[in-house]
Amino acid sequence: MAKKPQLAIDTRPWRDTANNKPFVRIRNVSKKFGDVLAVHDVSLDIYKSELFCLLGGSGSGKSTLLRMLAGFETPTSGTIEIDGQDMTEVPPYARPVNMMFQSYALFPHMSVEQNIAYGLKRDGLPKAEIAARVAELLALVKLQDYGKRKPHQLSGGQRQRVALARALAKRPKLLLLDEPLGALDKKLREETQFELVKIQESLGVTFIVVTHDQEEAMTLATRIGVMNQGEIAMVGEPTDIYEFPNSRFVASFIGSANMVEGIVTEDEPGHVRIRSAELGCDIYVAHGVDCAPDQLLWWAIRPEKMVLSREKPTHPHGANVTSGIVEEIAYLGDISLYQVALDSGKRIRVSQTNSVRGNPDAITWEERVYISWGDSSGSVLTV
Amino acid sequence: MRRGWFLPIAASLGFAFLYAPIVSLVIFSFNESSLVTVWSGFSTKWYGALFSDPQLLGAAWLSLQIAALAASIALVLGTLAAVALVRFRRFRGRTLFSGMVSAPLVMPDVITGLSLLLLFVAMEGLLGWPQGRGMVTIVIAHATFCTAYVCVVVQSRLSDFDRSLEEAAMDLGASPVRTFFDITLPIIAPALVSGWLLGFTLSLDDLVIASFVSGPGSSTLPMVIFSKVRLGVSPDVNALATIIIGIVALGVLGATILQLRSKPKSSGA
Amino acid sequence: MTIARDPTIPPPRRLKPWNAVERGLAKVGITGRMLVLAAPVLWLLVFFLIPLAVVFGISLTTKQFGRPPYSPLLTTEEGTVQLTLQFNNYIRLFTDNLYVAAYLSSIRIAAISTVITLLVGYPMAYAIARAPDRWRNIFLMLVVLPFFTSFLLRVYALTGFMRGNGVINQFLGLFGIPPLVMMQTDFAVYVGIVYTYLPFMILPLYTTLVKLDTSLFEASADLGARPIHTFLFVTLPLSLPGIVAGSMLVFIPAIGEFVIPSLLGGPETLMIGRVLWDEFFAATNWPRAAAVAVAMLVVVVVPIMLLQRAQGAVVEK
């Protein structure tokens with residue numbers, strides 16, 4: 001359920017870097033804590049009105065990067081520019097940036113209204129204006145009747161909305177969200193995801209969201225930056241990240257993928273052929289790959305991109321078909337996940353849509369089956 | 001976060017304020033001259049004088065005995081009180097009980113001393129016990145206020161206690177008393193040790209209460225020191241203070257190191 | 001590994017004496033709870049609560065020569081028990097300027113010292129709470145360490161520091177500054193109270209400050225508050241329970257302080273603890289001393305209640 005692009009394709013700024021100036025520009029930023037390198041030489045451009053997700057596991061450096069954007073940490077080297085201004089040395093209270101904290105960090109001794117008004121008071125806005133803005137924000141997050149309550153009198157979802165309202169109160173150019181939905185339960189999270197996107201679209205604020213939840217990133221983001229061990233592993237739109245991973249890490253981190261090793265036997269401009277002992281067959285890829293003959297590389301394919309059959313399908317180039325024994329079947333309702341043990345011992349996972357109700361003829365345990373796939377269904381990975 | 005200069009400077013000055021008088025006291029304990037504040041050469045003669053003062057040695061021995069006894073009584077009473085306060089959520093008179101346990105913590109010493117003395121006098125008149133005042137009455141008085149301190153220490157440890165450990169023991173067939181001795185006691189042992197030590201030092205330190213409830217011939221160490229100090233400066237008090245500070249510093253240091261070692265590293269996230 | 005057991009030998013019978021004892025007691029209606037409570041309740045009743053009642057009783061008698069040196073509260077006259085209450089001690093407390101002045105001066109000295117202790121202790125507690133983990137325990141130990149060394153000896157150490165030819169004056173002398181008179185003034189009493197009670201202020205402050213979520217400070221900065229504003233609007237209000245608890249822990253014992261005014265204060269330093277002491281030991285007027293104690297208790301009751309509430313808040317959160 002990738003987010004529908006709101007802009008015509010030719011106006012997605014990141015696709016036309018020559019004519020569009022990035023709004024946030026992170027250049028060669030590194031951060032060391034003692035001997036630990038938390039962020040390593042990250043360069044990243046983020047454009048106006050984007051909803052950019054930094055996705056990674058714990059310790060990947062995504063939160064540190066976010067905290068450097070907010071100004072809580074100073075980069076060990078590199079620069080951060082926001083809206084054309086160098087922010088590297090600007091203290092947090094002087095940045096046109098606000099943050100929504102993972103713990104929400106609502107001031108426990110202040111009411112909801114006072115929390116939202118806090119930033120406006122620090123800016124010395126007139127009282128009437130503050131009151132109007134607070135009312136407007138309470139309406140935005142649908143908490144009109146809760147203004148006088150203290151944070152501990154609210155539910156988790158309500159607190160999350162107060163935190164969002166407080167962060168938006170100063171109309172920041174850039175909003176940083178640290179695991180904004182992390183503390184909510186699954187059902188509430190799904191509802192809130194769409195709320196968040198709606199608010200972002202209606203206000204046109206640039207969002208940078210840190211999350212470890214790939215489904216959340218896929219749902220929210222215009223683009224995703226996958227982080228691994230302090231570095232950016234890949235930046236791209238959700239479909240790029242899922243369908244065209246650039247490395248073994250991204251392929252296995254996002255969704256699930258079958259990964260095999262192989263050797264290039266044919267390397268033509270229009271196709272390549274990879275021999276994989278693990279897979280027990282040749283892989284025919286219908287596009288050129290930047291590689292050398294006899295090079296060792298990896299090939300990854302998603303479970304839903306493969307087909308199971310009892311009869312051996314034919315392939316014009318005598319490739320892309322292998323066989324094995326069904327070991328495990330996980331019935332998930334909409335789909336079933338098959339684990340097939342190939343003759344080499346390698347286990348491949350294939351998912352099949354359960355399009356027939358209670359199919360008596362479904363493939364079952366201990367059956368020998370053939371697995372086949374299209375010529376461009378998999379990704380060839382060299383790193 | 002950016003760090004200011006104010007906090008480190010203020011904290012350093014604060015620590016200097018706490019330690020400068022103690023350090024100067026230690027230095028002058030090695031002073032040749034009997035003038036406590038004018039340096040005239042290194043000497044350990046005041047330490048020698050200390051160990052040949054029978055009054056001081058006797059008082060020190062009495063104080064140590066009192067402190068050990070009072071701390072031990074307080075350990076038992078304070079632990080029982082803590083168990084009651086943490087584990088028995090509701091019982092008649094709970095508020096009164098918890099007030100009685102914690103009030104001695106803040107009760108001014110002169111009141112505690114006076115009230116116990118008047119009690120002992122009245123009891124002697126009515127019951128014929130305690131006969132006169134001395135070590136027994138001091139132990140009772142000290143045990144009473146030390147109970148409050150032990151209770152606070154044990155209480156905080158007990159409330160952090162994972163009850164499921166006890167439930168597991170009972171589930172495996174241990175009776176409540178058995179569970180207490182097999183599971184609860186070993187786990188709260190560090191708190192018991194620090195509670196006892198706290199009681200011991202507090203008893204050793206008390207001047208006011210002991211002055212009220214002691215009798216002739218039962219002068220504790222603080223009482224002897226106070227009478228010396230009141231009469232004027234005496235360098236042997238400096239020597240005595242240095243010894244006490246040395247022992248306490250070693251004890252606290254040792255306890256801290258033990259505590260740091262036994263504590264599992266908390267994982268920062 | 002399995003342990004083989006001879007099936008012909010019956011398993012050893014477990015002796016559970018405690019279970020039997022418990023069952024026996026339960027039959028008589030004595031529960032475990034009662035046993036746990038009995039000792040501390042009895043002890044505190046006899047040695048804490050009753051003594052306070054005795055003090056109150058004796059405060060209603062008058063001094064007389066003999067043993068005990070006060071008039072009996074209950075007398076038997078021709079078979080009837082007679083209760084004699086005399087309020088002259090209390091009347092004296094309110095009419096004799098010495099007592100009124102001593103109470104007021106105790107409150108003033110305790111209050112001023114408490115404020116100074118707070119001003120000295122707060123930055124220290126804050127610095128410790130914000131120190132890196134491995135330093136924190138060392139700093140805390142440094143705060144607690146003097147508390148464990150003798151109170152009396154620390155006061156004594158101060159006399160060596162502040163006397164006419166003491167360390168401070170010798171230091172000032174190096175710069176040609178004439179010696180200051182510090183000993184036997186109210187100033188010395190303030191210094192003494194701050195010095196000896198500082199740990200009591202720092203510890204509860206530290207406990208509240210260290211529990212504050214650092215993301216609250218970050219959120220405040222993020223919303224545009226300069227550090228001083230973050231301190232005033234976030235840190236200070238959230239550490240209020242610690243401020244109250246620490247202040248009361250200094251104020252209450254300072255009110256009844258005896259050692260500090262008698263070693264550091266001058267003859268004109270009036271404090272109620274000292275008055276009580278003199279009344280008892282010098283004048284041997286036990287009933288008067290008891291009345292002074294009761295009045296002191298009244299003075300500290302409100303602070304004690306404040307302390308109880310604040311301590312609940314410090315511990316909870």
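pLDDT is the predictor's confidence in each residue, on a scale from 0 to 100. You'll want that score here, as this is a predicted model, where local features need pLDDT of at least 70, side-chain atom pairs count only at pLDDT 80 or more, and totals for chains, interfaces and linings use all residues. As for labels, residues are numbered from 1 along each chain as its sequence is written, while chains are lettered from A and ligands numbered from 1 in the order in which they are written.

Let's start with chain B, whose mean pLDDT is 85, with 93% of its residues reaching 70 or more. Helices here are DSSP runs of H or I with at least four residues, strands are runs of E with at least two, and both are numbered from the N terminus. In chain B, confidence is highest in helix α9 (residues 208-213), at a mean of 94, and lowest in helix α11 (residues 235-262), at 79. Then look at residues 264-269 of chain B: pLDDT stays under 50 there, and the model gives this stretch zero contacts beyond four places in sequence. A contact means that two residues have C-beta atoms, placed from the backbone, within 7 Å.

Next, see how chain B meets chain C: 64 residues of chain B are in contact with 73 residues of chain C. On the chain C side, helix α2 (residues 32-58) gives the largest share, 18 residues. That side of chain C splits into 57 nonpolar, 11 polar and five charged residues. (Ala, Val, Leu, Ile, Met, Phe, Trp, Tyr, Cys and Pro count as nonpolar, Asp, Glu, Lys and Arg as charged, and the others, Gly among them, as polar.)

Over residues 103-307, chain C is 80% helix and 0% strand, and the end C-alpha atoms of that stretch are 21 Å apart.

Chain A has eight helices and 20 strands. Its C-alpha atoms fill a box of roughly 75 × 50 × 45 Å along the principal axes. Among contacts in chain A between residues at least 6 apart in sequence, 63% join residues at least 24 apart.

Now pick out one open sheet in chain A: five strands, in the order β15-β19-β16-β17-β18, with antiparallel pairing. Strands β15 (306-309) and β18 (347-353) of chain A are the edges, each pairing on one side only. Two strands pair if DSSP finds at least two bridges between them. Strands β16 (residues 321-331) and β17 (residues 335-342) of chain A are joined by seven bridges. Across from A:E328 you'll find A:Q339, in β17(A).
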